[in-house]
Amino acid sequence: MSAQLVQFLLSGLTVGAIYALVALGFAIIYNASHVINFAQGEFVMIGGMAAASFVEAGLPLPLAALLAVGGAMLVGLALEKLAVEPARGAPVVTLIIITIGASILLRGLASLVWDKKIHALPAFSGETPLKLGGATLLPQTLWVLGATVLTVALLWWFFNRTLTGKAILAVSHNQLAAQLMGISVRRVLLVSFGLSAALGALAGVLIAPISFTSWDIGVMLGLKGFAAAILGGMGSGPGAIAGGLALGLIESLGAGYVSSAYKDVFAFVIILAALIFLPDGLAGRRRATERV
Amino acid sequence: MLLRAENLAKRFGGVHAVQDVSFALAPGTVHAIIGPNGAGKTTLLNLLTGIYQPSEGGVFLGARELTGLPPHRFAAAGIGRTFQNLQIFFNMSALENVMAGRWLHEGGSLAAAALRLPQLVRAERRCRAEAHSLLDLVGLARWADAASDAMPYGALKRLEIARALAAGPKLLLLDEPAAGLNPTETHEIDRLIRELASRGITIVLVEHNMKLVMGVSGHVIVLDEGRLLAEGEPREVSADPRVIEAYLGVEAR
Amino acid sequence: MASPAAAAPPSASSAPRRSLLALAGAVALLPLVLPNNYTYEVAILVGLNAIVCVGLNLLIGYAGQISLGHAGFFGLGAYGTAILAVRYGWPTPASLAATVAAVALLAWAIGRPILRLRGHALAMATLGMGIIVAVVIATEDRYTGGPDGMSVPPLAIAGHVLAGERAWYWVVGVLLVATVWLAQNLIDSPRGRAWRALHGSEFAASAIGIDPARHKLAAFVLSAALAAFAGALTAHYAGFITPAKASFLHSIELVTMVVFGGMASSLGAVVGAAALTTLPQLLTVFKEYEMVLLGAVLMLTMIFMPQGLVPTLGKALAAARGKSR
């Protein structure tokens, strides 16, 4: 395997891990409410920007990261409480517009609270590149991959072993039945938004040392995370992860071997092809046949 | 015209919803398909209207094979239906629902519609009049301009029938038309079915209401667990011990 | 998946005709109150956006589909006529007509596979298509001038150049009224009912002989052609275009205008376009707070008026009229 290929694979997996975290955020909210949260990318932005500004203010990195993720979680909870909950009965298209409005609002707030400049977060364990079989590897890459694996494991434990997690799954399968079982759908929605926001912010903190952060990085990241979630089969957790990684790899290999000018396009071309030939996504999840 | 099912089967994964079902429906009679819950009645109906593709077997109208065609071509061939779970166009008024049903006869080009050519204006007037008379037929004259989402359940069941009739079908499949209706409303449905039958439309009824079925149909098909259990005139079928067993279970000894 | 939408629209002729007359009246009388060239410019932009929105509303509000990539068609319309006129020297009426026809053909070709998709998958497919168009436009700078954009010659018919705010105002005004007239005719016809039937219940629509694929495609192609037409006009009016016109953000703006104004209402589409084109202009006064305010306005309007502005106001008006009896 050539060193260049290894390089592309590693950077592909790294950015793919970020897409996977964003996609998971989409999937969790979609499962609880059937809403596509277009503000998801902004949580990534908030994570990176908040952490960067805390570090610039003098706080140690771990604390800054923790506060950033916590802050984003609060924003997610606020979004659910103030914007989504009051609009509960509205048509889905309206809810989508609300989240779009929220993403515009958050971006506007970000440009006011911080600024429109590019910020960097210091790498977690230094900048010295490591050598792996001829390719150079930033230590931050290991942090990204490691943290993502750990997060996915924690999520698996949460959804399968805790009552709250199982309640969220119940709502995603059948909201009415879950309510009849005594599950508070409102609380499930609240937890889903908080959790998705935290995931997004974590992704933002992890990637900021590598690709920097600014007030408007949320838009493209959100779109690609959405694409990854669809690729994996909307609503499927494992699918979101697979979709994110696949997207990251395709993008990296495409940019490296085909054309770097069209880097952003690869993801969407593959999505279009996948949607046309595999309408149910990689996970192949069949929608329950509608009863007529 | 004769609707024929030949060895129809439909599988969903491991579930055999319909297996090896064959029958022929003669014109001019009211037919009924009955069976306990889960027998496959609605699945069969969906097979006969093209919503499901059969896993095996075929559907024939006269000499023509309809198997594999999309649902709108079944409709164009003269097969109409109503739905068990109401599929009313809630974004339109009652009258517009019925007018929509006339698509196969109105159609028209995009340009003629956009430019509102005189022939279209005339056609619209006729369509409106036809829709009004259909609403009269099913007893919904006073609901004509009402928003469909403001109408009571019983009225909506009849609206679906009016809409299906607007397409001018030769064969009309009614999926549980009396479900959720009180005795007075059910009697109305009975009267309506007889009226439609007298106008030459062949009716196929999927129903649980035995009184309605036995009173109005001339030919009954019984399904149980996806298979054809019995077939014949109402009196024969209701006396058939296998049918009784399927509904009520074996008598305890 | 029928969703009870707003109350059934009023009977065939009355309300749509009233709103068309109101629109024609507004277009005719507005110049009496417009003080300067800048306000004319805003009015023209409103009109051009409204043309796109009326078309998009046919797709979203009536046929019940979604498109998050319509700015792609708009951008293709703008760049198509620009490239044909500038790089190949075509006379502008020809470049405009050819571009609209070409985009309609493209929409037909793309629409066939992607309209088989539903809901968020369709949203993603249209979104992806829009982004691909935007990136290609920005990258192929030999043809398009890249991110810096390119200049566009004005529209010239038989030697007469269409220039100046006043002339363009009347042209766009007439075209807008014509578009709304055509749209309302379409909605109140068998084909319009067929589209609305698809939105109401695809199963029931097919049971009365309506072919979902064919009709979704027709709505898609028509709305794409209108978007391209408006895009081409915008290019000739502004004299300059940039890839931002084809961007995802612009696609979202267009959908938001339709939903904000009220789906399944051509008047709603016009009102939505007017509101969301003028609002950012008004908000530039607040400069740095512009985005915050815009986002807040969107959210609050959708939370308190989920069916959109026009249907909600319409219902309130009807209720008030009922009470005063």
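From the N terminus on, the elements of chain A run α-α-α-α-β-β-α-α-α-α-α-α-α. That makes 11 helices and 2 strands. The model is predicted. Chain A has a radius of gyration of 19 Å, close to the 19 Å that the globule rule gives for 292 residues, so it is as compact as a globular protein of that length.

**Chain A overall**
- Along the principal axes, the C-alpha atoms of chain A fill a box of roughly 60 × 45 × 35 Å.
- Of its 292 residues, 50% count as buried.
- Take the contacts in chain A between residues at least 6 apart in sequence: 76% of them join residues at least 24 apart.

**Helix H11 of chain A**
- H11(A) has 15 residues. From first C-alpha to last it reaches 22 Å, close to the 21 Å expected at 1.5 Å a residue.
- Its buried residues are Val265(A), Ala267(A), Phe268(A), Ile271(A), Leu272(A), Ala274(A) and Leu275(A).
- An α-helix has 3.6 residues a turn, so residues three or four places apart point the same way.
- The cover over the buried residues of H11(A) includes H9 and helix H10 (237-258) of chain A, together with helix H5 (119-139) of chain C.

**Chain A against chain C**
- Here 37 residues of chain A are in contact with 30 residues of chain C.
- On the chain A side, helix H4 (92-113), helix H9 (218-231) and helix H11 (263-277) are the elements that give two or more residues.
- H4(A) gives the most, with 14 residues.
- By class, the chain A side has 31 nonpolar, 4 polar and 2 charged residues.

**Chain B against chain C**
- This contact takes 38 residues from chain B and 30 residues from chain C.
- On the chain B side, helix H2 (71-76), strand S6 (79-81), helix H3 (94-101), helix H4 (103-106) and helix H5 (110-115) each supply at least two residues.
- The residues of that side divide into 21 nonpolar, 10 polar and 7 charged.

**A helix pair in chain C**
- The axes of helix H2 (residues 37-62) and helix H10 (residues 212-238) of chain C come within 7 Å and cross at roughly 170°.
- Angles over 145 degrees count as roughly antiparallel, and H2(C) and H10(C) are therefore roughly antiparallel to each other.
- H2(C) makes the contact through residues including Ile44(C), Leu48(C), Ile51(C) and Val52(C). Among those from H10(C) are Ala219(C), Phe220(C), Leu222(C) and Tyr237(C).
- The residues of the contact of H2(C) with H10(C) divide into 16 nonpolar, 3 polar and no charged.

Conventions:
Residues are numbered from 1 along each chain as its sequence is written. Chains are lettered from A and ligands numbered from 1 in the order in which they are written. This is a predicted model: local features need pLDDT of at least 70, side-chain atom pairs count only at pLDDT 80 or more; totals for chains, interfaces and linings use all residues. Two residues are in contact if their C-beta atoms, placed from the backbone, lie within 7 Å. Helices (H or I, at least four residues) and strands (E, at least two) are DSSP runs, numbered from the N terminus. Ala, Val, Leu, Ile, Met, Phe, Trp, Tyr, Cys and Pro count as nonpolar, Asp, Glu, Lys and Arg as charged, and the others, Gly among them, as polar. The expected span of a helix is 1.5 Å times one less than its number of residues. A residue is buried if 20 or more other C-beta atoms lie within 10 Å of its own, exposed if 12 or fewer, and partly exposed in between; C-beta atoms are placed from the backbone. Axes are lines fitted to C-alpha atoms, for helices over the stretch in contact, and angles run from 0 to 180 degrees between N-to-C directions. Angles under 35 degrees count as roughly parallel, over 145 as roughly antiparallel, 65 to 115 as roughly perpendicular and the rest as oblique. The radius of gyration is taken over C-alpha atoms; the globule rule is 2.2 Å times the number of residues to the power 0.38.
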